Amino acid sequence: MMNKLVDQFIKKICPEFKGIASYVGGKWVFGTGDKINVKFAHDDSDLFYYQDADEDIINQLNYCTSTAQQQWLSMTAARRGQFIYQLGERITENQEILAQIESWTANKPIRDARGEVAKVAEMFFYYAGWADKIHGKTITVPTGHLNYTTYEPLGVVLQITPWNAPIFTCGWQIAPAITAGNAVVLKPSEITPITSLLIAYLAEQVGIPKGLINVVAGYGHTIGQKLINGANIQKVVFVGSVSTGKNVAVHAAKRGIPCVLELGGKSANIVFSDADYDKALRGAQNAIFANAGQSCVAGSRLLIQLDIFDQFVNDLAKSTNKFVVGNPTEETTHISPINNKKQFEYVCSALENAQKQGASIAVGNTISIPKTDGYYVNPTILIGNNTLDCAQQEIFGPVVVAIPFKDEEEAIRIANDSQFGLAGAVWTNDVARAHRMAKNIKAGTVWINNYKNIHVSSPFGGYKDSGYGRSSGLAALHEYSQIKSVWVETALTPLVNFGYGAQEV
Ligand code: NAD
């Protein structure tokens, strides 16, 4: 079953589309496992259903990934770069259709979806340029040897992605992985497989070998878990929640393969009273309410200096009321419903718990939400302190907790009093303070007088429970490579090794 409109959009890109299945070695492989039923969050109507992938897909993957990778590596690096660039162009040509599909199936405001698809194209453009520039180094060693390093692909990598940014996380991980020369098995969230499947299909259309990019459609606890044990997987890159990420890492460790974990966050957005007030206000809004707060880097803890606290919270509540909450596929919508029922119920229970623990809701926070059976949550500004669950746990919804602080020292203490360390931001006009704060915030990304600027050229990743390893930039190419050290004897009368040191024997 497939919503008619979404089906029409998909067929514009892939005319032979017959329903959701895994895409393996350039073929659609239908699952026969449990039925996976996905709803449209605006009104709880059926969107599509399909069946979970079967375990025997792993044999097919093992065969086609190694063949495809050999084919890929037999091309020159420059040629691979051209194909990767062409994939970016093909995504740009299909930007509107992909954005419409993403908006419907990830319940993302269409305006945001367009921006995210553009970013995905940019990821392929960016890495295309790296394809023939993955150089090693020549190292000065204290003997007569020439020592140099090379970066080699890992082989086949497994990527597991979440529902909150399906096409974004797909491009984000596939682009560096294939640029480094790997084959990919991507397991998107069972709720949002479609745009990842279409990226794999488009890749093949531009000439990237069949089987280099494969997408498996199914549940995490079934086929996702089994894929980790798939014989030729050499690394797992996981983007998702902390609990699943840790579980995935344990399974990978049992096979002796490494992971990158891109996990959740509870980022502190810190506003000093000397900041540009209006910019900080707009920044605070965008930091939490974009994508209905379902963003790993959402500014979900808003730390405001005491002397402006009441005014700032009141103004934030007033300006939040101007947002349009509604159907994600409508042009006017700023804030969409929560992506799925399970997450909707979690956000509602977190709000209930926050109030039981003593958090209050900011006065004037009265935005109206559509009366449908959809999973709508009122964008909410809670007033509380950092010990409450709503300040310590990732809610992943349009909920921000405002927390007052006295001075710089207290702001840093509160910001770092968290299991997470994904991102943070500081709003101030004092340049020295801005850099002190950036140094002292324990997080992988810090923004000064801005929020949520992320670009494929700059490394991204977490501290603490927000994960380890890095995505984006050169750092991601290195995550997807292994380094080799080569020693070449150049001496006329070489010394012979006995043990680690060269000596005469
Ligand atoms: P999730 O952990 O429930 O699922 C993520 C993926 O893991 C899905 O594809 C799922 O099917 C799969 N999975 C589930 N159980 C599995 C298992 N046992 N073995 C293998 N795979 C399994 O996360 P979610 O609810 O889809 O996404 C929301 C979370 O993702 C939030 O915590 C958010 O902060 C995080 N996230 C992090 C980043 C980042 O870059 N740090 C980016 C986006 C989202």
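1. Cys14 is buried, its relative accessible area being 0%, where buried stands for under 20% relative accessible area, exposed for over 50% and partly exposed for what lies in between (1.4 Å probe, protein chains only). The structure holds zero disulfides, a disulfide being a pair of cysteine sulfur atoms within 2.5 Å. Cys14 accordingly takes part in none, and the nearest cysteine sulfur, that of Cys170, is 15 Å away. Cys64 counts as buried at 11% relative accessibility, and its sulfur is 16 Å from the closest cysteine sulfur, in Cys170, which is too far for a bond.

2. On the basis of these values: this is a predicted model, in which local features need pLDDT of at least 70 and side-chain atom pairs count only at pLDDT 80 or more, while totals for chains, interfaces and linings use all residues. Residues are numbered from 1 along each chain as its sequence is written, and side-chain values use heavy atoms, with hydrogens and water left out.

3. Glu262 is listed by UniProt, in an unreviewed entry, under "active site"; such annotations may be inferred rather than shown by experiment, and UniProt positions are given in the numbering used here, with feature names shortened. Glu262 is placed in strand S11 (residues 259-262), helices (H or I, at least four residues) and strands (E, at least two) being DSSP runs numbered from the N terminus. With 3% relative accessibility, Glu262 counts as buried. Leaving aside residues up to four places away in sequence, its contacts include Trp172, Phe238, Phe460, Ser466 and Arg470, contact meaning heavy atoms within 4.5 Å.

4. Helix H12 (residues 341-356) has 16 residues, which at 1.5 Å a residue should span 22 Å, and its end C-alpha atoms are 23 Å apart, in agreement; the expected span is 1.5 Å times one less than the number of residues. Gln343, Phe344, Val347, Ala350, Leu351 and Ala354 are buried in H12. Seen down the axis of H12, these buried residues fall within an arc of 125°, so they line one face of the helix, the arc being that of the directions from the helix axis to the C-beta atoms. Lys342 and Lys356, on the other side of H12, are exposed. Strand S15 (380-383), helix H13 (389-392) and strand S16 (399-405) are among what covers the buried residues.

5. Asp44, in the loop between strands S3 (35-40) and S4 (45-51), has a positive phi of about 65° and is partly exposed at 24%. Ser472, in the loop between strand S21 (467-468) and helix H16 (473-479), has a positive phi near 75° and is buried at 1%.
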